[in-house]
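Student: Please show me how to read a protein model, one feature at a time.

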Amino acid sequence: MTYRKILAVLPATLFTLTSLAVAADSDAINLLKSTGALDRLAKESGVYHASSTGKTPDFIVDPSFPQRLPHNWMIGQVGGLYVDRHDHIWVYHRARSLTNDEAGLEGPVSGATNEKGQPENGIGYARQYGTITDCCKAAPAVLEFDTDGKLLRSWGGPSDPGFIGGKCKAEAGCIWPNSEHGIYVDQNDNVWLSGSGAYNPHNNAPWATNKQGGDGLILKFDMDGNFKMRIGGTPKGPNSNDTNGGINGTPLTYLSADMVVDPATNRLYVADGYGNRRVLIIDANTGKYIGHFGAYGNNPVDDAGAKAAGTWIDDAAKGNRKPTFFRNPVHCVKIADDGKIYVCDRGNDRIQVFDKNSPELGKACSNPTGQPGKCGFVAERFVSDHTNIIGTAVSMNFSTDKAQSCLYVADNANMAIYILNRSNLEELGRFGHSGRAPGEFHWTHQVSRDSKGNIYTAEVDTGKRIQKFLRYGPTGCSGTGSTTVGGVLGN
Amino acid sequence: MAALPAMLLALGSLAMAADNDANAINLLKSTGALDRLAKESGVYNASSTGKTPGFIVDPSFPQRLPHNWMIGQVGGLYVDKHDHIWIYQRPRTLTNDEAGLEGPAPGATNEKGQPENGIGYARQYGTITDCCKAAPSVMEFDVDGKLLRAWGGPADPGFLGSKCKAEAGCIWPNSEHGIYVDQNDNVWISGNNGYNARTAGKNTPWTTNKEGGDGFILKFDMDGNFKMRIGGTPKGPNSNDTNGGINGTPLLYQAADMVVDPATNRLYVADGYGNRRVLIVDANTGKYIGHFGAYGNNPVDDAAAKAAGTWIDDAAKGNKKPAFFRNPVHCVKIADDGKIYVCDRGNDRIQVFDKNSPELGKACSNPTGQPGKCGFVAERFVSDHTNIIGTAVSMNFSTDKAQSCLYIGDNANMAIYILNRSNLEELGRFGHSGRAPGEFHWTHQVSLDSKGNVYTAEVDTGKRIQKFLRYGPTGCSGTGSTTVGGVIDK
């Protein structure tokens with residue numbers, strides 16, 4: 001066949017291929033419509049327990065999000081998720097949480113053996129005969145998606161060959177954490193990462209990255225994964241009042257969970273965390289300490305007193321229902337345009353609100369009774385406060401209307417996202433239920449949204465997925481609801 | 001009359017709800033989500049010389065359960081002749097937080113003296129989260145995913161001791177595994193828990209079989225009324241037992257799956273996680289008719305099979321045609337043409353037998369696996385390099401008259417292979433490893449309704465059922481790959 005003849009045949013072939021594929025897809029989609037599946041999906045994944053005196057956006061889960069990853073990659077627990085100003089979704093997952101079978105294509109690491117002397121893969125699973133299943137390999141730790149769920153960039157962590165020692169060099173100060181937790185992308189397109197792996201001297205798997213101590217650090221990268229700065233170090237225990245124990249005189253964090261940069265001041269606020277019990281304020285350029293605060297704005301933080309008090313449920317049963325300290329983990333921090341700072345005091349089944357413009361906030365200050373207006377403290381709201389497992393509020397974000405009138409609060413114990421009117425902190429409705437179906441959650445861990453108000457979520461434990469909820473109806477929240485947030489519903 | 005405006009207003013808000021749903025669905029279309037869903041959940045690795053049905057996952061299936069119920073690992077799933085989907089799930093696999101609404105069992109305490117719930121989780125302060133309660137073990141759904149009936153197991157209050165009475169012979173298994181509904185609407189269920197001397201006696205309030213291993217099959221009507229038990233509670237395997245159970249029925253050991261041949265009313269049992277045989281019993285009396293191992297061998301040499309170790313170790317030594325099933329013998333299905341399909345999961349293969357062979361199930365020796373001998377017909381390895389528990393877990397046929405497709409669920413590689421049943425060649429696959437709709441984590445069952453829609457069930461931390469809508473051809477034709485399974489560059 002001559003070149004010319006091939007060219008002549010090509011358009012017809014392409015046409016056939018295209019029309020075949022399109023016909024099949026439309027058959028499939030028509031089936032979804034005619035069987036009523038889409039109506040049921042809208043009902044099942046939409047807002048429920050809606051207040052009759054309030055209004056909220058509504059949602060339907062996008063069951064196609066994200067698109068399948070290339071290279072037989074798979075994600076583990078998704079510690080962090082944040083939508084940046086370009087409407088790109090950044091995911092920060094835990095390659096080392098993949099199970100033996102999930103990481104079946106991760107073969108033996110050259111020269112590595114387990115306690116029995118067998119070859120092992122990066123996570124530490126035996127690989128005597130090489131790979132064990134037909135899928136999958138661990139994806140790099142940081143993944144960037146567009147709103148259609150298409151993967152744009154990926155880098156980072158031990159599952160990205162050559163990254164450690166390449167873009168992340170120990171001699172430059174880069175230590176990859178043992179457990180990937182929070183991610184944030186700031187107004188200058190810096191990517192901030194935290195780690196929540198406690199010190200574990202027995203962690204000798206080939207993919208152990210921090211062998212020195214606990215994850216007491218935050219890392220700053222550019223969007224291509226080039227290391228820019230580290231804050232903190234690798235302590236072996238908490239100190240919620242440290243100001244300069246880390247690299248270059250930066251403060252030591254301990255198992256920090258989340259962070260946000262205030263674009264007006266370029267200050268970094270850190271939810272610190274699973275080990276420490278504070279919000280830490282840092283200069284985002286230098287990494288140097290600016291201030292910190294505990295519950296009700298208290299500074300210094302009484303780590304010993306907090307530890308001695310035990311769990312929220314035990315303590316509350318004794319009548320101590322207004323703890324003056326954050327309980328681990330201090331799990332999220334976000335700043336609204338009006339200057340209010342929202343903190344997940346997950347271990348206490350509550351959120352607290354602070355005023356970033358208060359001159360007292362972050363400085364030495366005493367507010368043992370939780371008086372509003374003192375030490376920068378504004379308000380608190382319990383979230384399903386009878387919950388007796390790790391804690392409830394894990395992540396917060398705001399609606400996209402100018403007033404940011406909705407406050408979305410994700411609950412990692414009760415598997416729902418509460419929609420609060422931000423002006424009165426009343427629950428106007430919820431979406432999400434406990435389960436594995438699309439629109440349900442197992443260990444909801446993050447909630448973020450794009451500029452259209454679509455919501456993205458991430459799950460840990462055995463959830464190991466990200467989901468997208470398309471918004472329709474109002475862009476914001478109004479009206480009144482319930483001052484009790486969370487709780488059992490009959491269904 | 002005065003109430004009318006208010007009613008109209010109420011209707012108006014109903015119409016608004018419909019509008020909202022339409023908005024939601026339009027969003028799914030306009031964003032291209034549905035096109036992507038079709039692509040992501042459809043058939044791939046398709047043979048260019050073969051044809052198969054096409055599929056798209058139904059992301060709305062099943063509908064949300066009432067009563068804050070949640071399902072655990074789904075051991076069994078089968079679609080009956082009424083197009084109802086029967087599932088058989090494990091409430092005792094719910095985690096502490098998943099069963100957050102399961103409060104303390106009356107009078108029960110754990111080793112620390114704290115109140116505990118049925119599964120054994122501490123409940124010092126009552127319930128711990130706002131969801132969920134464990135659903136009953138057996139659940140019947142319609143094709144739209146609506147729950148029709150639910151009964152059985154320790155999570156169904158009052159079931160044990162009433163519909164399932166010990167004095168009538170009913171012992172609920174400790175681990176729910178296979179379910180089958182026969183031509184007479186009998187519901188058959190199996191259990192796969194093994195006896196463990198080390199943990200024996202360490203019971204939770206929901207431990208149901210305190211005597212030994214799950215060595216039995218139960219027969220119920222569709223409302224959960226107990227009809228018959230076959231077998232008992234042995235403490236170890238015996239793949240040649242014929243009458244050691246209740247009423248002279250054979251003892252099983254951790255049976256995985258079963259099917260009744262409507263032509264003969266014989267029950268065929270994939271037996272199982274402990275035994276290494278397919279057992280044939282009379283479905284009315286429960287009495288022994290016959291049994292066979294790999295290649296139709298009978299008796300089964302349990303000792304030799306145990307000594308041979310794992311498939312991968314043994315295969316590495318060159319033993320690539322084992323003359324025994326390796327645990328678990330995980331599925332059994334019968335095609336209309338009389339062929340019996342068995343999942344020899346532990347050997348990464350399936351085997352085919354002829355139900356009409358007079359030799360099948362009787363004493364017979366076929367150590368080299370000769371087709372035509374002892375009722376043996378053929379075998380096909382399924383991703384035979386897989387080094388984890390085994391691959392083929394469940395099989396079913398397409399709905400065309402010839403049952404020309406053979407669907408094989410693979411619990412290690414998280415796919416369903418579509419084979420041309422006439423040549424056992426792979427024509428394509430669907431499903432991938434993962435947690436998204438249309439993906440699988442530990443695919444455990446595959447079954448079909450009369451339209452050819454496929455339903456699946458997942459164990460381990462998968463804990464869900466899914467539906468795949470069929471479109472295009474109803475059957476399979478053509479040639480594909482004689483190698484079934486394997487890595488695909490994606």
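Tutor: Let's begin with one term: two strands pair if DSSP finds at least two bridges between them. Keep in mind that this is a predicted model.

Student: With which strand does E8(B) pair, and over how many bridges?

Tutor: In general, strands of a sheet pair through backbone hydrogen bonds, either parallel or antiparallel. Here E7(B) and strand E8 (residues 147-151) of chain B pair over 4 bridges, in the antiparallel sense. B:Val138 has B:Trp151 as its bridge partner in E8(B). The hairpin of these two strands has 5 residues between them, and B:Gly145 takes a positive phi near 85° there.

Student: Which other strand is joined to E7(B)?

Tutor: Strand E5 (residues 85-90) of chain B runs antiparallel to E7(B), and 4 bridges join them. Opposite B:Phe141 in E7(B) stands B:Ile85.

Student: Are the residues on the faces of E7(B) buried or exposed?

Tutor: Both faces of strand E7 (residues 138-141) of chain B are covered. B:Val138 and B:Glu140 are buried on one side, and B:Met139 and B:Phe141 are buried on the other.

Student: Now chain A, please. In what order do the strands of the sheet with E4 and E8 come?

Tutor: The order is E4-E5-E7-E8 in chain A, an open sheet of 4 strands with antiparallel pairing. Strand E4 (77-83) and strand E8 (151-155) of chain A are at the edges with a single partner strand each, so one side of each has no neighbour in the sheet. On average, neighbouring strands of this sheet are turned by 20° against each other, direction ignored. Look also at E4(A) and strand E5 (residues 89-94) of chain A: they run antiparallel and are joined by 6 bridges. There A:Val83 has A:Ile89 in E5(A) as its bridge partner.

Student: What is the strand order in the open sheet with E9 and E12 of chain A?

Tutor: That sheet has 4 strands in the order E9-E10-E11-E12, with antiparallel pairing. Its edge strands, E9 (180-185) and E12 (227-233) of chain A, each pair on one side only. Neighbouring strands here are turned by 15° against each other on average, direction ignored. Inside the sheet, 4 bridges join strand E10 (residues 191-195) of chain A to strand E11 (residues 216-221) of chain A, and the bridge partner of A:Ser194 in E11(A) is A:Ile218.

Student: Let's move to the backbone. What is the phi of A:His49?

Tutor: Most residues other than glycine have a negative phi, and most peptide bonds are trans. A:His49 has a positive phi, near 55°. This residue sits in the loop between helix H2 (37-45) and strand E1 (54-55) of chain A. A:Asn72 is not a glycine either, and its phi is positive at about 55°; its place is the loop between E2 and E3 of chain A.

Student: Why is A:Asn72 buried, and why is A:His49 partly exposed?

Tutor: A residue counts as buried if 20 or more other C-beta atoms lie within 10 Å of its own, and as exposed if 12 or fewer do. A:Asn72 has 20 such atoms, so it is buried. A:His49 has 18 other C-beta atoms within 10 Å, so it is partly exposed.

Student: Which residues does the cis peptide bond of A:Pro66 join?

Tutor: It joins A:Phe65 and A:Pro66, with omega about -10°. A:Pro66 is found in the loop between strand E2 (58-61) and strand E3 (73-74) of chain A. In chain B, the peptide bond from B:Asp271 to B:Gly272 is cis too, with omega near 10°.

Student: How many residues does the largest nonpolar core have?

Tutor: In soluble globular proteins, nonpolar side chains tend to be buried together. The largest nonpolar core here has 253 residues, and those with the most contacts inside it include A:Val343 and B:Met258. B:Met258 touches several residues, among them B:Trp188, B:Ile217 and B:Val332.

Student: How many residues does each chain give to the contact between A and B?

Tutor: Chain B gives 62 residues and chain A gives 64 residues. The side of chain B that touches chain A has 27 nonpolar, 21 polar and 14 charged residues.

Student: Finally, where is confidence lowest in chain A?

Tutor: Where pLDDT is low, the predicted coordinates should not be read in detail. Chain A averages a pLDDT of 95, but confidence is lowest in helix H1 (residues 3-34) of chain A, with a mean of 61. Over residues 1-20 of chain A, pLDDT stays under 50.

Conventions: Residues numbered from 1 in each chain as written. Chains lettered and ligands numbered in written order. Predicted model: local features only at pLDDT ≥ 70, side-chain atom pairs only at ≥ 80, totals over all residues. Core = buried A, V, L, I, M, F, W, Y, C linked by C-beta atoms within 7 Å. Contact = placed C-beta atoms within 7 Å. Nonpolar A, V, L, I, M, F, W, Y, C, P; charged D, E, K, R; others polar. pLDDT = per-residue confidence, 0-100. Axes fitted to C-alpha atoms, helices over the stretch in contact; angles between N-to-C directions. Lists of a residue's contacts leave out its neighbours within four places in sequence.
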